[in-house]
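Hello,

Here is the structure I promised to pass along. Have a look at it first, and then read on for what I found.

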Amino acid sequence: MKPLIIANWKCNPTSLAEAKRLFDSVKRGVRNIKNAEVVICPPFHYLPVLNNVGLTSIKLGAQDCFWEEKGAFTGEISPKMIKNLGCQYIIIGHSERRKYFNETDEIVNKKLQAVLSARLNPILCIGETQQERKKGKTKEILKKQLKEALDHSTTQLLNHLIVAYEPIWAIGTGKACSPDEAKRASDFIRSAIAKIYNQKIAKNIRLLYGGSVNSKNAKSYIQEAGFQGLLVGGASLDQKEFIKIIKTAV
Ligand code: PGA
């Protein structure tokens with residue numbers, strides 16, 4: 001399976017012209033790369049514009065969504081709306097959503113169900129804080145986040161699920177997790193999914209690493225730690241660095 005390299009632009013860039021420029025140069029840079037799947041998750045309002053730029057090698061995703069399809073929910077955007085824009089992926093439960101917008105595991109669960117029911121691919125983000133890591137609670141936290149996020153998920157939709165291990169202490173800090181430590185977390189995540197469902201489901205779920213990924217460490221997460229892809233934040237805003245990451249990861 002081709003590695004899945006996802007760019008999370010977060011709340012960047014501030015103008016449509018910059019978004020188009022960044023998108024276009026990534027598109028040019030990946031034109032000849034056939035052995036990676038590249039997804040860009042820009043802020044919502046750039047999605048329809050970027051979708052018209054003639055997508056070939058790049059797919060689009062959203063950074064969040066609401067759990068209802070439509071109705072009186074001021075400010076919210078539903079999975080169906082995102083799907084109707086031509087997107088196939090939605091990031092769910094990013095640690096910044098959990099931290100700044102008080103998203104609980106229960107909310108993450110509702111969003112995950114909504115994304116799966118819309119037949120889209122949720123990228124479920126899980127990970128421990130530095131404090132939890134120091135206390136030796138990483139596995140406990142990962143297990144809880146997984147269990148609660150996946151509650152009520154019907155097995156036939158789970159082949160769309162992607163799980164991103166994003167240690168919170170490594171996000172935007174430049175302190176990337178070592179491939180060894182990331183591998184231990186990924187093995188644990190897969191075995192926890194096997195316990196919740198079964199080996200076959202666990203084997204088919206794509207696991208990504210995210211947290212201070214750059215062109216120097218990207219390869220080690222895929223080749224040494226065995227992840228099936230990467231979720232890239234800060235480095236995805238620099239087109240040259242992002243293209244390098246894709247090239248080194250394949
Ligand atoms: P980072 O962010 O690459 O800037 O650490 C990753 C993420 O938040 O998904």
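Which of the 13 residues around the ligand come nearest? They are K10, H94, E166, G172 and S212. Please keep in mind that this is a predicted model.

For G233, a backbone N or O atom is 2.9 Å from a ligand oxygen, and for G234 the corresponding distance is 2.8 Å. The ligand would expose 280 Å² if taken alone, and 95% of that is buried by the protein. As for the make-up of the shell around the ligand, 7 of its residues are polar, 4 are nonpolar and 2 are charged.

Now to the chain as a whole. The protein chain contains 11 helices and 8 strands. Its radius of gyration is 17 Å, close to the 18 Å that the globule rule gives for 250 residues, so the chain is as compact as a globular protein of that length. Along the principal axes, the C-alpha atoms occupy a box of roughly 45 × 45 × 35 Å.

How much of the protein chain counts as buried? The share is 52% of the 250 residues. Finally, if you count contacts between residues at least 6 apart in sequence, 71% of them join residues at least 24 apart.

How values were computed: Residues are numbered from 1 along each chain as its sequence is written. This is a predicted model: local features need pLDDT of at least 70, side-chain atom pairs count only at pLDDT 80 or more; totals for chains, interfaces and linings use all residues. Side-chain values use heavy atoms; hydrogens and water are left out. A residue is near a molecule or strand if one of its heavy atoms lies within 4 Å of it. A polar contact is a pair of N or O atoms within 3.5 Å; within protein, one must be able to donate a hydrogen and the other to accept it, and residues adjacent in sequence count only if both atoms are side-chain atoms. Accessible areas come from the Shrake-Rupley method with a 1.4 Å probe; for residues, only the protein chains shown count as cover. Ala, Val, Leu, Ile, Met, Phe, Trp, Tyr, Cys and Pro count as nonpolar, Asp, Glu, Lys and Arg as charged, and the others, Gly among them, as polar. Helices (H or I, at least four residues) and strands (E, at least two) are DSSP runs, numbered from the N terminus. The radius of gyration is taken over C-alpha atoms; the globule rule is 2.2 Å times the number of residues to the power 0.38. Buried means under 20% relative accessible area, exposed over 50%, partly exposed in between (1.4 Å probe, protein chains only). Contact means heavy atoms within 4.5 Å.
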